[in-house]
Amino acid sequence: MRNICVIGTGYVGLVTGVCFADLGNRVVCVDIDSQKVETLIAGKSTIYEPGLEELLVRNVHSGRLSFTTSYAVGLEEAEFAFITVDTPMGPDGSADLRSVEAAAHSIGEVLSHPLIIVDKSTVPVGTGDVVSQIVSSHVGDTPFSIVSNPEFLREGSAVSDFFNPDRIVLGSTDREAAERVAELHAPLNTKVIITDLRTAEMIKYASNAFLATRISFINEIAQICERLGADVKEVARGMGADKRIGPHFLEAGVGYGGSCFPKDVLALFHMAASAGCHPQLLQAVMDINRDARRAFVEKVHTLLGDLHDKIIGVLGLSFKPNTDDMREAPSVEVITALKSLGANIKAYDPVAMDRASDLLPWVTFCATPYDVAKEADALLIITEWNEFKQLNWEKLRQFMRQPVVVDGRNIYDPQEIAACGFTYWGVGRGTAPATYSEAKQEPR
Ligand code: NAD
């Protein structure tokens with residue numbers, strides 16, 4: 001059993017704290033947001049993440065997990081302090097490090113015993129040295145080490161990802177400190193890669209930029225498929241069967257969003273440009289992603305014509321399924337663009353409507369997909385929640401003013417939906433929307 005302090009209880013920090021406690025460690029989580037801390041003390045999760053609240057309650061009851069706003073309390077017995085605070089996009093696109101720097105100052109102000117500081121926040125290369133300088137400026141002779149431990153969990157399966165990681169990456173100038181952090185992960189029985197501080201920081205950006213590149217690559221292929229009459233879903237299936245390529249992150253659609261890819265690709269772009277490089281590929285990845293949303297909105301416009309007084313129903317708001325995270329969600333950009341073209345928007349999401357209502361207060365939020373469909377001129381799929389995969393299309397069609405479906409995640413078979421009486425348009429699936437009359441001629 002180790003004593004761990006986790007600083008910042010957002011998506012990464014809360015999962016890290018809860019899961020380390022579940023592995024038998026004593027964990028104190030510190031956050032400056034007192035309301036969040038009160039909610040967590042009451043045993044309620046502040047985010048939607050499958051399996052998290054159950055583990056939270058179990059570990060709070062066992063006495064291994066606690067929450068506080070006080071750094072002094074959090075660090076009192078800590079051998080390790082994980083920094084998991086936010087590093088949002090700054091006004092110029094570079095990473096905003098104010099929370100990381102504030103956390104480093106707060107650690108330094110109360111530290112009076114040896115500590116291993118583990119940075120899990122995604123930070124530009126060189127930030128470990130900055131954290132070290134800040135802490136040093138406060139602590140005098142008290143020894144401490146800095147280890148970079150980039151986080152790779154995916155929202156929506158974060159608990160499972162914590163317990164089954166593909167690898168643990170650790171970077172430090174202090175090998176012994178890195179090995180002690182590796183020991184914390186021993187129960188996970190996974191590959192541990194120990195490298196230097198700057199390389200570990202870079203591994204995180206390179207990984208996210210590569211995944212975003214795959215998404216933009218397949219979105220570019222989708223555009224070409226639409227011109228040439230090929231089906232990008234089948235293309236991706238054919239490509240993904242090649243072991244050198246693999247099937248992941250090859251789903252064409254409205255593009256990537258969320259709290260990581262957009263900001264991390266942009267931050268890497270800035271890092272590269274400031275270092276005198278010319279990051280052309282990263283620029284293209286971002287441009288294609290922006291164009292994916294525009295092309296989707298354009299399809300709705302093409303199908304419905306003038307959007308003034310049209311009612312558009314949106315299914316799915318969170319940036320991906322199984323999370324309530326709305327940060328950089330494609331839905332926000334698409335809905336805002338449609339509204340500016342005169343449309344009225346109704347929407348449904350299984351868990352993200354509370355958060356979405358802050359960002360999109362003029363949207364009418366509905367209790368079910370069928371309420372969204374009532375009087376709608378088109379139904380748009382923006383997030384591929386499982387519950388949208390088994391809708392009653394007959395019922396939806398009866399409710400709608402016009403039977404039009406624009407599928408931004410390619411979750412349906414175009415001919416099957418068309419055969420139910422709809423005009424259906426996915427992404428990268430032939431030169432034109434699938435229609436009822438066409439589907440009648442070609443029963444499947
Ligand atoms: P978040 O915004 O959900 O949570 C950050 C938390 O830190 C908040 O609760 C905030 O109140 C707290 N905080 C801010 N300043 C603080 C301070 N000085 N002291 C104590 N607490 C403070 O952020 P997140 O999504 O958990 O991301 C955290 C980091 O992990 C980011 O760098 C992000 O890029 C990275 N990351 C996120 C994910 C993800 O899926 N969300 C995955 C991998 C890596």
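Let's start with Ser148, which sits in strand 6, residues 144-148. Helices (H or I, at least four residues) and strands (E, at least two) are DSSP runs here, numbered from the N terminus. Before going on, a word on the source: this is a predicted model, where local features need pLDDT of at least 70 and side-chain atom pairs count only at pLDDT 80 or more, while totals for chains, interfaces and linings use all residues. Residues are numbered from 1 along each chain as its sequence is written, and side-chain values use heavy atoms, with hydrogens and water left out.

Back to Ser148, then: is this residue buried or exposed? Ser148 counts as buried because its relative accessibility is 3%. The cut-offs are under 20% relative accessible area for buried, over 50% for exposed, and partly exposed in between, with a 1.4 Å probe and protein chains only. Beyond its neighbours within four places in sequence, Ser148 is in contact (heavy atoms within 4.5 Å) with Asp119, Val169, Leu170, Gly171, Leu197, Ala200 and Glu201.

Now for the cores. By nonpolar core I mean a set of buried Ala, Val, Leu, Ile, Met, Phe, Trp, Tyr and Cys residues joined through side-chain atoms within 4.5 Å. The largest one has 36 residues, and Ile4, Leu14, Val27, Leu65, Phe67 and Phe82 have the most contacts inside it. Which element gives the largest share of this core? That is helix 1, residues 11-22, with seven residues. If you click on Phe82, you will find that it touches Ile4, Cys5, Val6, Ile7, Phe20, Val118, Lys120, Asn149 and Leu184, again leaving out residues up to four places away in sequence. Apart from this core lies another, of 28 residues, with Leu307, Val314, Val334 and Ile345 among them.

Asp31 has a polar side-chain atom 2.6 Å from an oxygen atom of the ligand. Lys263 also places a polar side-chain atom 2.6 Å from a ligand oxygen atom. The protein covers 92% of the 840 Å² of accessible area that the ligand has on its own. Those areas come from the Shrake-Rupley method with a 1.4 Å probe; for residues, only the protein chains shown count as cover.

Next, the loop between strand 4 (80-83) and helix 5, where Asp86 lies. Thr84 lies in that loop too, between strand 4 and helix 5. At 8% relative accessibility, Thr84 counts as buried, whereas Asp86, at 43%, counts as partly exposed. Where does the side chain of Thr84 find a backbone oxygen? At Gly8, whose backbone oxygen lies 2.7 Å from a polar atom of the Thr84 side chain. Thr84 and Val12 are 72 residues apart along the chain, with their C-alpha atoms separated by 6.3 Å. Asp86, for its part, touches Asp96 and Ser99, not counting residues up to four places away in sequence.

One more loop, between strand 9 (311-315) and helix 13 (330-340), holds Gly316. At 0% relative accessibility, Gly316 counts as buried. Asn322 lies in the loop between strand 9 and helix 13 as well, but is partly exposed, with a relative accessible area of 33%.

Finally, backbone angles. Most residues other than glycine have a negative phi. Asn322 has a positive one, near 65°, and Asn189 has a positive phi of about 55°. Asn189 is found in the loop between helix 8 (175-184) and strand 8 (192-195), and is exposed, with a relative accessible area of 73%. Thanks, everyone, and over to you.

Key:
A polar contact is a pair of N or O atoms within 3.5 Å; within protein, one must be able to donate a hydrogen and the other to accept it, and residues adjacent in sequence count only if both atoms are side-chain atoms.
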